[in-house]
Amino acid sequence: MPKNNIKNTDRPSKVPSSTTNQAIDRFKKLQQKEIAVDIIFNSIITKDTTALSKGITLIESTQQNHAEKAQQLIEKCLPYANNSIRIGITGVPGVGKSTFIEALGNVLIKKGKKVAVLAVDPSSTISGGSILGDKTRMESLVRSTSAFIRPSPSGKSLGGVAQKTRESIILCEAAGYDVIIIETVGVGQSETAVHSMVDFFLLLKLAGAGDELQGIKRGIIEMADAIVINKADGDNVKRAQQAKNQFRKALHLYPLAQNSWSPEVVTCSALKETGILPIWELIQKYIDITSQNGFFEENRIKQNKFWLLQTIEEQLKSSFYNHPKIKTELISQLNAVQEHKITPFAAAKYLLELSKNS
């Protein structure tokens, strides 16, 4: 057999260019189908949880080509939104937020409610992914067909919430969920972000943590609509009752909120599922009072205005960093700052001027 024939049999056959082009076209069509806004939207409003997950993934995407589709999806879902009770739950790590949310969720489901939980995990500084994996810790709730749990990494955003939490709320409401629960990281520094997107803000505390008398983190206390002393079971019942009394005394020092609601302090055991139903009744009482005095609607409008301003800030930031000239010059200016050739203020001024004039 000739030598050149041996080479020909060993060499992979060349795929015709027409076949390759067809494969590429099929792949592109598949991609377009996967993120077709109309398909996702129609499935969301028919309560398809797979489509809901896909929709949230789309709005959380950092890819530029997904941004427009995400906006279209949000706009389509808006007319179906604003029909739920939004509850923010915060507290330091270890206070039992996930256990409490699962217990509350189970109570709500027994009452015929559909519950969506947006559990925001701390992000790994290495991989950027979620660290705690709250979905794996709400074993009974995650099995319910009336519950939807979506863990999202907090990323670089402050306030203990993911960057696209507000948009996720809208999608969940469009999917027919009556109660949206937002679990925060519990960083305790910028929880105003959570407060700006919920109707009821609940602070979970532990007895004997040493901060009752200090009125811990005054800003969070002022924002809380209720303080819940968790893990009030076993030998801890007495301490929980003492903590409850101390917080009640501390709250008397704060002025009455604009909504005419006086925050209440209650105890519960999320692990034993005791004291959970009274907390839901307390939330309903708050919603009734604020709906009657007009604060509920006023607060939603205020939150939308805040969302508008935050969206503008995010868009300006994104436009700045994605500007072709800025991408190049930013590296140059960072090196210049490192070598002490220019001050950070002068470098920032130069880059801002460059973005304006180009």
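Reply: Tyr321 is partly exposed, because its relative accessible area is 45%. Here buried means a relative accessible area under 20%, exposed means over 50%, and partly exposed covers what lies in between, computed with a 1.4 Å probe on protein chains only. Phe320, by contrast, has a relative accessible area of 17% and is therefore buried. The model is a predicted one, in which local features need pLDDT of at least 70 and side-chain atom pairs count only at pLDDT 80 or more, while totals for chains, interfaces and linings use all residues. Residues are numbered from 1 along each chain as its sequence is written, and side-chain values use heavy atoms, with hydrogens and water left out.

How many aromatic pairs does the structure hold? There are five aromatic pairs in the structure. Rings of Phe, Tyr and Trp (for Trp, the six-membered ring) pair if their centres lie within 6.5 Å; planes under 30 degrees apart count as stacked, over 60 as edge-to-face and the rest as tilted. One of the pairs joins Phe200 and Tyr286, whose ring centres are 5.1 Å apart and whose planes stand at 80°, so this pair is edge-to-face. This pair connects distant parts of the chain, since Phe200 belongs to strand E5 (residues 200-206) and Tyr286 to helix H12 (residues 276-292), 86 residues apart. Such elements are DSSP runs, numbered from the N terminus, with helices (H or I) of at least four residues and strands (E) of at least two. Both Phe200 and Tyr286 are buried. In the pair of Phe320 and Tyr321, the ring centres are 5.2 Å apart and the planes are at 85°, so that pair is edge-to-face. Ring pairs also join Phe200, Trp261 and Tyr286 into a cluster.

Ser260 lies in the loop between helix H11 (237-251) and strand E7 (264-267). Its phi is near 65°, a positive value in a residue other than glycine. Most residues other than glycine have a negative phi. Glu273, in the loop between E7 and H12, also has a positive phi, near 60°. With a relative accessibility of 45%, Glu273 counts as partly exposed.

The wider setting follows. The protein has 15 helices and seven strands, and buried residues make up 42% of its 358 residues. Of the contacts between residues at least 6 apart in sequence, 75% join residues at least 24 apart; contact means heavy atoms within 4.5 Å. Helix H8 (residues 165-174) is mostly covered, with ten of its ten residues buried. Among them are Arg166, Glu167 and Glu173, together with Ile169, Ile170 and Leu171. Gly176, which follows H8, has a positive phi near 95°. In strand E2 (residues 115-121) one finds Ala119, which counts as buried because its relative accessibility is 0%. The C-alpha atoms of Ala119 and Ser152 are separated by 6.4 Å, although these residues are 33 apart along the chain.

The axes of helix H3 (residues 37-44) and H4 come within 8 Å and cross at roughly 130°. H3 is therefore oblique to H4. Axes are lines fitted to C-alpha atoms, for helices over the stretch in contact, and angles run from 0 to 180 degrees between N-to-C directions. Angles under 35 degrees count as roughly parallel, over 145 as roughly antiparallel, 65 to 115 as roughly perpendicular and the rest as oblique. The crossing of H3 and H4 is left-handed; a crossing has this hand if the near helix is turned anticlockwise from the far one by less than a right angle, and is right-handed if clockwise. Ile40, Ser43 and Ile44 of H3 make the contact with Ala51, Leu52, Lys54, Gly55 and Leu58 of H4. By class, the residues of this contact are five nonpolar, two polar and one charged. Ala, Val, Leu, Ile, Met, Phe, Trp, Tyr, Cys and Pro count as nonpolar, Asp, Glu, Lys and Arg as charged, and the others, Gly among them, as polar.

Helix H4 (residues 49-60) and helix H5 (residues 64-77) have axes that come within 8 Å and cross at roughly 130°. H4 and H5 are therefore oblique to each other, and their crossing is left-handed. Gly55, Leu58 and Ile59 in H4 meet His66, Lys69, Ala70, Leu73 and Ile74 in H5. The contact of H4 with H5 has five nonpolar, two polar and one charged residues.
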